[in-house]
Amino acid sequence: MPHLDVRNLHADYAGKTVLQGVSFTVTQGAIVSLIGPSGSGKSTILRALTGLLRPSSGEIWLDGRRLEYRQAADVAYARQRIAIVFQQYNLFQNMTALRNVTVTPEKIRKRDKREVEAEAVALLRKVGLGDKLNAYPDELSGGQQQRVAIARALALKPEILLLDEVTSALDPELVHEVLDTVRLLAAEGMTMITVSHEMRFVRELASDVMFLEAGRIVESGPPLQIFEAAKEPRTRQFISKTLYR
Amino acid sequence: MHAIIEQAPRFFSAPNMLFLGTALAHTVLLSLASCGVGLALGFLIAATRLTRGLPLLPLRLLLIGLTESLRRVPPLVTLFIVFFGFSLLQVDMSPFWIALIALTMIATAFIAEIVRAGFRSIPRQEWDAAATMNFSLAQTLLYVVVPQAWKIIVPTVSLFFVMFIKDTALASQIGVLELTFVGKSFVDRGFSPLLSFGAVLVLYFLLSFPLARAGQWLETRLAAS
């Protein structure tokens with residue numbers, strides 16, 4: 001049984017159709033990378049999975065349970081298991097790095113404060129920010145903020161981690177520090193769905209690559225197929241334009 | 001000028017000063033109570049307008065309708081509607097309470113908009129992050145939005161409060177003993193208008209100037225932090 005099963009997902013946004021029938025599955029430990037031109041619907045899939053955007057039709061199954069996003073209980077269930085890291089980090093500006101990581105486990109999930117804090121410190125050390133625990137977001141670089149955001153998502157102990165263009169807002173020289181963190185998670189077997197323009201990174205880490213265009217999956221397969229032997233001409237065209245930029 | 005000097009000893013008599021003092025107290029009370037209650041209600045209205053889903057839709061529409069119309073109708077008209085509304089319902093209520101209710105409604109409508117603008121100043125990204133981590137609306141406001149938005153809300157509300165002190169003069173129209181009413185009644189008793197309203201003017205100024213300065217100080221201080 002696939003961990004996550006997305007069936008024939010359709011979505012509209014601002015009167016425009018952004019997803020027109022997207023189906024895919026994600027198995028435990030997989031790293032699925034969504035690639036494609038801007039506006040192809042990659043981020044929309046991630047937003048739909050976290051309940052930020054309600055699909056107009058289609059089904060999302062998680063561990064054999066169909067999630068009905070119209071119901072608050074199901075949205076909450078999905079958000080218990082799926083965590084997302086955003087392009088713009090989306091950190092709470094009024095909280096320190098440490099507080100950003102602890103606030104949800106402590107205040108929303110009502111876990112023990114000391115336990116949560118110890119975990120958060122360990123997570124921030126893991127992403128290389130052990131010396132920035134008490135820094136506020138506006139005192140951190142983009143790469144550091146994004147690593148706080150990753151630590152914050154990990155503190156939720158997600159079964160699936162969504163990475164929505166996590167390096168797109170970063171200065172080029174800061175991209176590697178975030179990618180190093182993602183490599184670490186990949187090595188630990190974290191199930192991830194990523195939207196990324198870092199083609200070399202996708203090729204290195206992804207177990208499956210899906211090429212989207214205009215709200216449809218044009219082609220999907222292992223990285224080697226997509227990058228070296230794409231079946232669809234449109235995929236080849238996209239890859240040749242983006243790969244060695 | 002001659003009349004003022006001549007009338008001064010009689011004008012600044014103990015009963016008159018007591019009269020002015022009472023009026024000043026009523027003006028302060030009307031401003032403070034209407035803005036205080038307005039802040040609490042305005043916060044609730046702004047929060048309610050952020051809810052989604054059908055069950056609260058009628059309430060949201062009602063609140064939008066009320067706040068939008070109260071902000072567009074001249075305050076005097078609101079006061080008269082409340083005044084004649086109560087007499088139509090044959091509810092016996094003192095002018096002071098009627099004025100307080102009308103002023104509170106007006107203050108609430110404006111403050112609700114100030115609070116709403118404060119909420120909206122928090123970037124969409126932070127609301128999204130909170131939502132995807134299962135924050136309820138109340139938790140999002142408590143932990144994320146209000147701790148940031150109050151720096152915008154508080155100075156703006158205090159600025160509104162200072163402006164609103166002047167608006168409480170409307171209560172004189174239905175016979176509430178407050179500063180403007182007392183000014184008129186002094187004139188009716190034959191005192192020089194310049195002297196009567198001069199005294200009223202000084203009191204309004206002494207009331208609002210320090211508050212306005214305090215508001216400005218607060219604004220720069222909060223903006224810096």
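User: What makes residues of chain A and chain B count as being in contact here?

Analyst: Keep in mind that this is a predicted model. The cut-off is 7 Å between C-beta atoms placed from the backbone, and 17 residues of chain A are in contact with 14 residues of chain B. On the chain A side, α2 (72-81) and α3 (97-108) are the elements that give two or more residues. Of these, α3(A) gives the most, with four residues.

User: How do the residues on the side of chain A that touches chain B divide into nonpolar, polar and charged?

Analyst: They come out as eight nonpolar, seven polar and two charged.

User: Why are β6 and β10 of chain A said to stand at the edges?

Analyst: Start with the strand order, β6-β7-β8-β3-β9-β10 in chain A, an open sheet of six strands with mixed pairing. β6 (82-85) and β10 (216-221) each have a single partner strand, so one side of each is left without a neighbour in the sheet. As for the twist, the average is 20° from one strand to the next.

User: How do you know that β3(A) and β8(A) pair?

Analyst: Two strands need at least two bridges between them to pair. Strand β3 (residues 31-35) and β8(A) have four, in the parallel sense. You can find some of this in the structure: V32(A) has I193(A) as its bridge partner, and L34(A) stands opposite V195(A).

User: Why is β8(A) called mostly covered?

Analyst: A residue is buried if 20 or more other C-beta atoms lie within 10 Å of its own. In β8 (residues 191-195), five of its five residues are buried. That holds for both faces: T191(A), I193(A) and V195(A) point one way, M192(A) and T194(A) the other, and all are buried.

User: Over to chain B. What pattern does chain B follow along the sequence?

Analyst: Chain B reads α-α-α-α-α-α-α-α-α, with nine helices and zero strands. The C-alpha trace spans about 75 × 50 × 25 Å along its principal axes, and buried residues make up 33% of the 225 residues. Among contacts in chain B with a separation of 6 or more, 77% are accounted for by residues 24 or more positions apart.

User: Which residues of α8(B) are buried, and what covers them?

Analyst: In helix α8 (residues 179-188) of chain B, the buried ones are L179(B), T180(B), F181(B), V182(B), G183(B) and F186(B). What covers them includes α2 (14-48) and α9 (193-224) of chain B. Just after α8(B), look for G190(B), with a positive phi of about 100°.

Methods: Residues are numbered from 1 along each chain as its sequence is written. Chains are lettered from A and ligands numbered from 1 in the order in which they are written. This is a predicted model: local features need pLDDT of at least 70, side-chain atom pairs count only at pLDDT 80 or more; totals for chains, interfaces and linings use all residues. A residue is buried if 20 or more other C-beta atoms lie within 10 Å of its own, exposed if 12 or fewer, and partly exposed in between; C-beta atoms are placed from the backbone. Two residues are in contact if their C-beta atoms, placed from the backbone, lie within 7 Å. Ala, Val, Leu, Ile, Met, Phe, Trp, Tyr, Cys and Pro count as nonpolar, Asp, Glu, Lys and Arg as charged, and the others, Gly among them, as polar. Axes are lines fitted to C-alpha atoms, for helices over the stretch in contact, and angles run from 0 to 180 degrees between N-to-C directions.
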